[in-house]
Amino acid sequence: MTRTDTRVDPATAGSAPGRARPFWTGRRRDHLTGYLFIAPQLLGSAVFVILPLVLVVWYSLHEWNVLAGTFDFVGTDNYAALADDPNLGSVLRATGLFSVGLVVFNLALALLLAVLLNQKLRGTIVFRTLFFSPVVVSLVAWTIVWGFLLQDNGGVNGLLDTIGVDGPNWLRGEATAMFSVVVVQVFKNVGLNMVLFLAALQGVPAELYEAAEVDGASRLRQFWRITVPLISPTILLTSIITVVGSLQVFAQIAVLTQGGPGTSTTVLVYYLYQQAFQFHHFGYGATLSIVLFGIVLALTVAQWQMRKRWVFHES
């Protein structure tokens, strides 16, 4: 006697014998709901990230003269022109100086302010607000005000004159222009990193400091052995944000120095703008934007890979 298999398929359970399986099953409805929730993000990424990247690569293979109305395919000529560009070396050097200066001063000052304002003292809320307020100020307004302050007869030199110091023309000297731009940008955004560090510091267990004090550890040793390892994920986050932001600076350069004197403050983004929108070399400008994208991607990946060596809880 042959045994009959009476097992029931859960997907068709409840349906009449011989009836076709319904298309809109519960699992497919759940999948559709999930896709609908992520559709706006996927559409935005496709339209504003992926498509522009593809177009930039396409433009870099052409020479686009808007005034003449021509769009000629030139292959890799724009990439070959990078090696012959006499200004590219100084532009990359200025970009590196700005990025290193901004990252070092911003992170160091933000961490110092966070440690000081993490103390249980009166008035810390006022100082937190004071240091964070530049973050919400308009970037152009902030830069214009600092442009007036850093002029030869501006407010900074006026203060120096009261103590008998003859200040330089900060934005017109090759030795001071880059330093001035870095300082303006540091004061603008240091409050954001300060808040992130402050939140991380408040998450460090107090018992660890108490145990360290019992063992005789100094404040400096506690900072390096307890504080820094436990807030290292936040340090990684702020370093990535600051590095990427330093490579995308434009408004400060355009308002304060216009890349001068000479090319001492001409960073890569501003040079890209000059080539594309001032000199109408859109193909070469697109090529420079790909170079910028490659630098940002390489530095971000490098920081992310290095996290395993110094970020706490990473292995």
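Modeller: Helices are DSSP runs of H or I with at least four residues, and they are numbered from the N terminus. The model is a predicted one. In that numbering, the loop between α11 and α12 holds glutamine 258. The loop also holds proline 261, with α11 spanning 251-256 and α12 spanning 268-278. Most residues other than glycine have a negative phi, and most peptide bonds are trans. Glutamine 258, by contrast, has a positive phi, near 50 degrees. The peptide bond that joins glycine 260 to proline 261 is cis, and its omega is near -5 degrees.

Helix packing can be followed in α3 (residues 88-117) and α10 (residues 232-246), whose axes come within 9 Å and cross at roughly 145 degrees. The crossing of α3 past α10 is right-handed. On the α3 side the contact is made by Phe98, Ser99, Leu102, Val103, Asn106 and Leu107, and on the α10 side by Thr238, Ser239, Thr242, Val243 and Ser246. Of these contact residues, five are nonpolar, six are polar and none is charged.

On the surface, a nonpolar patch has about 940 Å² of accessible area together, and its members include Leu43, Phe48, Ile50, Phe293 and Val301. Both α1 (26-60) and α13 (282-310) supply at least two residues of the patch, and the largest share, seven residues, belongs to α1. Valine 54, one of the patch residues, lies in helix α1.

Definitions and conventions: Residues numbered from 1 in each chain as written. Predicted model: local features only at pLDDT ≥ 70, side-chain atom pairs only at ≥ 80, totals over all residues. Heavy atoms only, no water. Axes fitted to C-alpha atoms, helices over the stretch in contact; angles between N-to-C directions. Left-handed = near helix turned anticlockwise from the far one by under 90°. Contact = heavy atoms within 4.5 Å. Nonpolar A, V, L, I, M, F, W, Y, C, P; charged D, E, K, R; others polar. Patch = residues over 30% accessible without salt bridge, like charges linked within 9 Å, V, L, I, M, F, W, Y side chains within 5 Å. Areas by Shrake-Rupley, 256 points an atom, 1.4 Å probe, with all protein chains shown as cover. Salt bridge = Lys/Arg side-chain N within 4 Å of Asp/Glu carboxyl O.
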